[in-house]
Amino acid sequence: MRGAILYAPGDVRVEERDRPSLVEPTDAILRLSAACVCGSDLWPYRGVETYDGPIPMGHEYVGIVEEIGADVANVKVGDFVVGSFFASDNTCEICRAGYQSSCVHRVIMGSLGSQAEFLRVPLADGTLVATPGMPDPDLIPSLLAASDVLGTGWFGAVAAEAGPGKTVAVVGDGAVGLLAVLAAKQLGAERIIAMSRYEPRQRLAREFGATDIVTERGDAGVARIKELTGGLGAHSVVEAVGTQESMMQAIRSTRPGGHVGYVGVAHDVQLPGEELFFSHVHLHGGPAPVRQYLPELIDLIWSRTINPGKVFDMELPLEQAADGYKAMDERSAIKVLLRP
């Protein structure tokens, strides 16, 4: 089969890979209908994350079940399914508490590489959720978004306790940040402030429910959030970047007693203990337990209540995956969908 492989920073190639086969009786094999490039894929692409040798790429996926192991009961051959970027059994004590991305048996799907024609999904019963039927083609991008960026943005908004009567600020205007805006709107937030400098992303943020746009960053961004909130700061702030600047901007934009939901993959983030102590800000986040939200998100997409697939502003055949990475790295695309 064909699949994307990262050889070195900036060097993505689509080559022949071994077609996956069942390894455990709990596995399923999918023929992928769509995959995509994630903002977190850019960390190794840019050389910020190091790795040993060529690695398969991709952890977001939707597709049709081709084969199942003997112990798989919840999905069947022919089902169209959505899965999370972490495989989980969905039965352990941690999963039952709603944190499937910390399942005691979790498998990182990025290690298997979903930017390909086929994918082995471990722990299929706990990881995959079947749609009510075969989706219309225009729903596939939104269902793909549910595999990671929608679920991650949703978790960020939930972790920040977005809800009725709340002012929510979102730091980061990538796909996760934009879908955190959508999530905050669905959760009933009264006011949603998107922090963005890019007009196309600002426009999509407003379409998803943003009431205000803040273009400033860092201390100037914090000052603008305070100005918009009577000097207090937002009740809820979603951090969707993962840098020192974005984390401190999020914390400092939050009012005392408020909540920060951080879902940007952290790189060299260090929190000043004394400032944090006196801020009275709650912090909650980490790798999103997407599996927790998949049934609800699929229902919202299937009923056409939400259209998160709009974050895909470029679509390419899998063979042109390198062009997709380049476009996202240069910020000429928000998120690139790949068709195997």
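Visitor: What makes strand E11 and strand E12 a pair?
Guide: Two strands pair if DSSP finds at least two bridges between them, and E11 (residues 167–171) and E12 (residues 191–195) pair in the parallel sense over five bridges; among the residues involved, valine 170 has alanine 194 in E12 as its bridge partner. Strands here are DSSP E runs of at least two residues and helices are H or I runs of at least four, numbered from the N terminus. This is a predicted model, in which local features need pLDDT of at least 70 and side-chain atom pairs count only at pLDDT 80 or more, while totals for chains, interfaces and linings use all residues. Residues are numbered from 1 along each chain as its sequence is written, and side-chain values use heavy atoms, leaving out hydrogens and water.

Visitor: Why are strand E13 and strand E16 called edge strands?
Guide: In the open sheet of six strands, the order is E13-E12-E11-E14-E15-E16 with parallel pairing, and E13 (212–214) and E16 (282–285) each pair on one side only.

Visitor: Why is glutamine 202 called buried?
Guide: Its relative accessible area is 18%, and buried means under 20%, exposed over 50% and partly exposed in between, with a 1.4 Å probe and protein chains only, so glutamine 202 counts as buried. Glutamine 202 is found in helix H7 (residues 199–208).

Visitor: How do you know whether valine 104 is buried or exposed?
Guide: Valine 104, in the loop between helix H2 (93–96) and strand E8 (107–108), has 56% relative accessibility, and therefore counts as exposed.
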